[in-house]
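Keep the sequence and the coordinates side by side.

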Amino acid sequence: MMAASILCLTLTSCTKQTLLELFNKRDPLETAKIKLPSGEVIRVKLALTEEEKTKGLSGVSENQFKKDEGLLFFYSKRGRRSFWMPDTYFPLDLFFLDKKLKILDIVRNLPNHPGFQEPPPIPRARTVFAFHVLEMRSDSHLAKKLSHGDQLQWLSSISLSEIESKIRP
């Protein structure tokens, strides 16, 4: 892939579309799609490492995170999941999921908290026992359509079990 990119960049006959295709290819471990029960699809970025999970959407502005996007915190086993909102710039809906992406619990409209300074206290969600957590903007029309018990469908070239095997120590 790197050799093809370098070769393409050095050739004068390389088209703008070819360059865009090279740069727009995404690692399936970084982004994926999830289909909602309504049939609509959201693009999700995956938080796989502890660093990515700790950062979450901290420091991300509204124009950097669209209403049809989500952040999926992916874990290899079920556990206690708790979230807080330091350095966030828009309210979030949190969807706590089982291993097969069924919605077990929902926290709606968790307030944002620009910066890390307290007081006021940084908002925190209740702790929920779940596998994964999907965060979406609270003002997303797609988030508003999701309910407790809904089954989400994974749409990616790599399966959930393959991701699990890649991140398991």
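Helices (H or I, at least four residues) and strands (E, at least two) are DSSP runs, numbered from the N terminus. The model is predicted: local features need pLDDT of at least 70, side-chain atom pairs count only at pLDDT 80 or more, and totals for chains, interfaces and linings use all residues. Residues are numbered from 1 along each chain as its sequence is written, and side-chain values use heavy atoms, with hydrogens and water left out.

Start with the overall plan. The protein has five helices and nine strands. From the N terminus on, their order is α-α-β-β-α-β-β-β-β-β-β-α-β-α. Of the 169 residues, 41% are buried. Buried means under 20% relative accessible area, exposed over 50%, and partly exposed in between (1.4 Å probe, protein chains only). Take the contacts between residues at least 6 apart in sequence: 69% join residues at least 24 apart. A contact means heavy atoms within 4.5 Å.

Now turn to helix H5, residues 160–167. Its buried residues are Leu160, Ile163 and Glu164. Seen down the axis of H5, these fall within an arc of 100°, so they line one face of the helix. The arc is that of the directions from the helix axis to the C-beta atoms. Ser161, Ser165 and Lys166 are exposed on the other side of H5. What do the buried residues of H5 pack against? Their partners are strand S2 (41–47) and strand S9 (153–155).

Strand S5 (residues 92–97) and strand S6 (residues 103–110) run antiparallel, joined by five bridges. Two strands pair if DSSP finds at least two bridges between them. Phenylalanine 96 stands opposite aspartate 105 in S6. Five residues lie between S5 and S6, and leucine 101 in the turn has a positive phi of about 75°. Leucine 101 is buried, with a relative accessible area of 1%.

Another positive phi occurs at aspartate 87, where the value is near 55°. Aspartate 87 lies in the loop between S4 and S5. This residue too is buried, with a relative accessible area of 14%.

Which peptide bonds are cis? One runs from glutamate 118 to proline 119, with omega near -5°. Another joins proline 119 and proline 120, with omega about -5°.

Finally, look at the pockets. On a 1 Å grid over the protein atoms alone, a pocket is an open set of points where a 1.4 Å probe fits, with protein on both sides within 12 Å along at least five of seven lines; lining residues have an atom within 4 Å of a point. Grid points are joined across faces, edges and corners, and a volume is the space filled by probe spheres set on the points.

The largest pocket has a volume of about 300 Å³. It is lined by 17 residues, and the closest to its centre are Lys45, Gly56, Leu57, Phe65 and Leu71. S2, helix H3 (50–55) and strand S3 (69–73) each give two or more residues to this lining. S2 supplies the largest share, four residues.

The second largest pocket has a volume of about 200 Å³. Of its 18 lining residues, Lys53, Thr54, Phe73, Phe83 and Trp84 are the closest to its centre. Here the largest share, three residues, comes from H3.
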